Amino acid sequence: MIQRKQSLYLLLAAGIQTYFAFGTYFKYTADGIKFSLTGSGTINFENEQIQGNDKTLILSLIVAALAVVSIFMFKKRKQQQKITKIGVLFTFVEMIFLVMSYLNIQNLNPTSISFGIPIFILPISTVLFLLAGEAIKKDDDLVKSVDRIR
């Protein structure tokens, strides 16, 4: 199971999604007050949650769980492919949430804004899900060709 490339891709994607769930996406200053945007909402410099909900946090953890579940579905390749496609879709939804959050921050006219590492590693997670899907398809094609020979 762990020797398969897609298992490694999915394991890395799960790790990235977990890091994304708990990381800081943006740090910005508005009206002289420093804020951080995380998966659970906007937090000021005193670690008080100002606003937000946990939709990004929950979605990231769901995607990480999908990746882990997909690793253990190695005998059901069709379902494994569907789960990886759902993972790709959910990571795109996460990217849309990030763009919406960034646009909301821009409406506040921040004096400074900096991006966190999770912003830059989220696309890597999407690529890993796509690579896992391709590797699963190759495995499925290989098994089908062996079955034809018999």
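Two strands count as paired here if DSSP finds at least two bridges between them, and helices (H or I, at least four residues) and strands (E, at least two) are DSSP runs, numbered from the N terminus. With that in hand, T29 has K34 in β2 as its bridge partner. Keep in mind that this is a predicted model, where local features need pLDDT of at least 70, side-chain atom pairs count only at pLDDT 80 or more, and totals for chains, interfaces and linings use all residues. Residues are numbered from 1 along each chain as its sequence is written, and side-chain values use heavy atoms, with hydrogens and water left out.

**Strands and hairpins**

- Strand β1 covers residues 24–30 and pairs with β2 in the antiparallel sense, over six bridges.
- β1 and β2 make a hairpin with two residues between the strands, and D31 in that hairpin takes a positive phi near 55°.
- Next along, strand β2 (residues 33–38) pairs with strand β3 (residues 41–44), again in the antiparallel sense, with four bridges.

- Two packed helices are described by the angle between their axes and the distance between the axes.
- Axes here are lines fitted to C-alpha atoms, for helices over the stretch in contact, and angles run from 0 to 180 degrees between N-to-C directions.
- Helix α1 (residues 5–22) packs on helix α2 (residues 55–71) at an angle of about 165°, and the axes are 8 Å apart. That makes the two helices roughly antiparallel (angles under 35 degrees count as roughly parallel, over 145 as roughly antiparallel, 65 to 115 as roughly perpendicular and the rest as oblique).
- α1 passes α2 in a left-handed crossing, meaning that the near helix is turned anticlockwise from the far one by less than a right angle, while clockwise would be right-handed.
- The axes of α1 and α3 come within 13 Å and cross at roughly 25°. So α1 is roughly parallel to α3.
- The α1/α3 crossing is left-handed.
- L10, Q17 and F20 supply the α1 side of the meeting with α3, where Q80, T84, T91, E94 and L98 take part.

- Q81 sits in helix α3, which spans residues 77–107. With 15% relative accessibility, Q81 counts as buried (buried means under 20% relative accessible area, exposed over 50%, partly exposed in between, with a 1.4 Å probe and protein chains only).
- Skipping neighbours within four places in sequence, Q81 is in contact with G133, I136 and K137, where contact means heavy atoms within 4.5 Å.
- T126 belongs to helix α4, and T126 is buried at a relative accessible area of 4%.
- Which residues touch T126, leaving aside its neighbours within four places in sequence? They are V88, T91, F92 and M95.
- P118 is also in helix α4, and its relative accessible area of 2% makes P118 buried.
- P118 and G23 are 95 residues apart in sequence, but their C-alpha atoms are 6.1 Å apart in space.
- Apart from neighbours within four places in sequence, P118 is in contact with Y19, F20, G23, T24 and Y25.

**The salt bridge**

- How many salt bridges does a search of the whole structure find? It finds one, taking a salt bridge as a side-chain nitrogen of Lys or Arg within 4 Å of a carboxyl oxygen of Asp or Glu.
- The side chains of K137 and D141 form it, at 3.3 Å from N to O.
- Side chains of opposite charge can pair when their charged atoms come close.
- Both K137 and D141 lie in helix α4 (residues 117–149), four residues apart, which is about one turn of the helix.
- K137 is partly exposed at 41% relative accessible area, and D141 is partly exposed as well, at 38%.
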